[in-house]
Amino acid sequence: MGFPFSRGMVRVAFLIPVAGLLGVPFQGLAGTITLGSAQAFAVLGASTVTNTGNSTVTGDLGLYAGTSFTPGSGTFTLNGTEHITDAAAQLAKNALTAAYTTSESLSPTYTLTGQDLGNMVLTPGVYFFADSAQLTGVLTLNFGNNPNADFVFQIGSTLTTASGSSVVVDNAGAGSGIYFQVGSSATLGTTTAFQGNILAQDSITINNSATIVCGRALARTGAVTMDTNTISDTCPAGNGSYGYSGASSNTGVPEPGTLSLLSMGLGAGFLLFRRFRPRLR
């Protein structure tokens, strides 16, 4: 005599995988750090925001509580909304403070005080510098296809990149994040190709032809100074890297593993229904 399955049990077999799908977080919502209202901003300053030369910012630009935004004499292109000392900028400023505080309070995984980030290949974790941090060359951040991993760099004083330096991101995905919590000011050298969110206590200076892709320049108390730059909070497609840093290119599509589990669960439910249909009562 077979095990007596009821209609309710078969319904459960169908509902479990569906419930699992509904419980999957959307891309960009996972991770340790939450940017909140600051997520929409590619550039956020406190005292001033200035530009020299031809620059392009993709994402909102904000200033709070200062009132001086100087786009400069070159061509300044903003693919977003300008918020100068308004309610949206104030909310973003508060969210930045919260994200900065959270980043600063995390327990370090590794201590890199006195070491140059150049030519390092790192895996997700919290990296601590007691004072300044330097980047000379290429820093590679490999997420290892972990969809909910973060890189957090806790920097006691300044962050400085040499001319021509770069941050390369491999195998990132939904919910991944990169955060540089800088205790004073950050300076990106000329032609630096940077990726990730800079959360600076004071100011951020982005020198000639330096770029920030899939990231943000967010300064708590000082200025953001640009000079012929490209800054974008949108992540590049390919290499599984869409979605990291909470960028606007998130699609909310479930991970492939989730889709596989859903298919297996629905298939099992269908077989149960076919196998025990005569006994349903």
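Asn 51 is found in strand 2, which spans residues 48–52. The model is predicted. The protein has three helices and 22 strands, and 43% of its 281 residues count as buried.

- Asn 51 counts as buried because its relative accessibility is 4%, and the cut-off for buried is under 20%.
- The side chain of Asn 51 reaches the backbone oxygen of Pro 71 at 2.8 Å.
- A polar atom of the Asn 51 side chain also lies 3.0 Å from the backbone oxygen of Gly 53.
- Neighbours within four places in sequence aside, Asn 51 is in contact with Thr 70, Pro 71, Gly 72, Phe 76, Met 226, Asp 227 and Thr 228.
- Thr 52 is found in strand 2 as well.
- With neighbours within four places in sequence left aside, the contacts of Thr 52 are Met 226, Asp 227 and Thr 228.
- Thr 52 and Ser 73 are 21 residues apart in sequence, and their C-alpha atoms are 6.9 Å apart in space.

**Overall contacts and surface**

- Of the contacts in the protein between residues at least 6 apart in sequence, 55% join residues at least 24 apart.
- The protein exposes about 12200 Å², and carbon and sulfur atoms supply 58% of that area.

**Nonpolar cores**

- In soluble globular proteins, nonpolar side chains tend to be buried together.
- The largest nonpolar core in this model has 44 residues.
- Leu 139, Phe 153, Ile 206 and Met 226 are the residues with the most contacts inside that core.
- Another core, of 15 residues, lies apart from the largest one, and its members include Phe 41, Leu 44, Ala 95 and Val 126.
- Phe 153 counts as buried because its relative accessibility is 0%.
- Not counting residues up to four places away in sequence, Phe 153 touches Leu 117, Leu 122, Tyr 127, Phe 129, Leu 139, Leu 141, Tyr 179, Phe 180 and Gln 181.

**Aromatic rings**

- A search of the whole structure finds eight aromatic pairs.
- One of these pairs joins Phe 143 and Phe 151 in an edge-to-face arrangement, with 4.9 Å centre to centre and 85 degrees between the planes.
- Phe 151 also pairs with Phe 153, and this pair is stacked, with 6.4 Å centre to centre and 5 degrees between the planes.
- Phe 143 is buried, with a relative accessible area of 2%, and Phe 151 is buried too, with a value of 0%.
- One aromatic cluster is formed by Tyr 110, Tyr 127, Phe 143, Phe 151, Phe 153, Phe 180 and Phe 194.
- The ring of Tyr 100 has the charged end of Arg 220 over it, 4.8 Å from the ring centre.

**Backbone features**

- Most residues other than glycine have a negative phi, and most peptide bonds are trans.
- Tyr 64 and Ala 65 are joined by a cis peptide bond, with omega about 10 degrees.
- Ala 65 is found in the loop between strand 4 (60–63) and strand 5 (68–70).
- Thr 85 is not a glycine but has a positive phi of about 50 degrees.
- The loop that holds Thr 85 runs between strand 7 (82–84) and helix 2 (87–105).
- Thr 85 counts as partly exposed because its relative accessibility is 33%.
- Asn 119 is also not a glycine, and its phi is positive, at about 70 degrees.
- Asn 119 lies in the loop between strand 8 (110–111) and strand 9 (121–122).
- Asn 119 counts as exposed because its relative accessibility is 66%, and the cut-off for exposed is over 50%.

Notes
Residues are numbered from 1 along each chain as its sequence is written. This is a predicted model: local features need pLDDT of at least 70, side-chain atom pairs count only at pLDDT 80 or more; totals for chains, interfaces and linings use all residues. Side-chain values use heavy atoms; hydrogens and water are left out. Helices (H or I, at least four residues) and strands (E, at least two) are DSSP runs, numbered from the N terminus. Buried means under 20% relative accessible area, exposed over 50%, partly exposed in between (1.4 Å probe, protein chains only). Contact means heavy atoms within 4.5 Å. Accessible areas come from the Shrake-Rupley method with a 1.4 Å probe; for residues, only the protein chains shown count as cover. A nonpolar core is a set of buried Ala, Val, Leu, Ile, Met, Phe, Trp, Tyr and Cys residues joined through side-chain atoms within 4.5 Å. A polar contact is a pair of N or O atoms within 3.5 Å; within protein, one must be able to donate a hydrogen and the other to accept it, and residues adjacent in sequence count only if both atoms are side-chain atoms. Rings of Phe, Tyr and Trp (its six-membered ring) pair if their centres lie within 6.5 Å; planes under 30 degrees apart count as stacked, over 60 as edge-to-face and the rest as tilted. A charge sits over a ring if NZ of Lys or CZ of Arg is within 6 Å of the ring centre and within 35 degrees of the ring normal.
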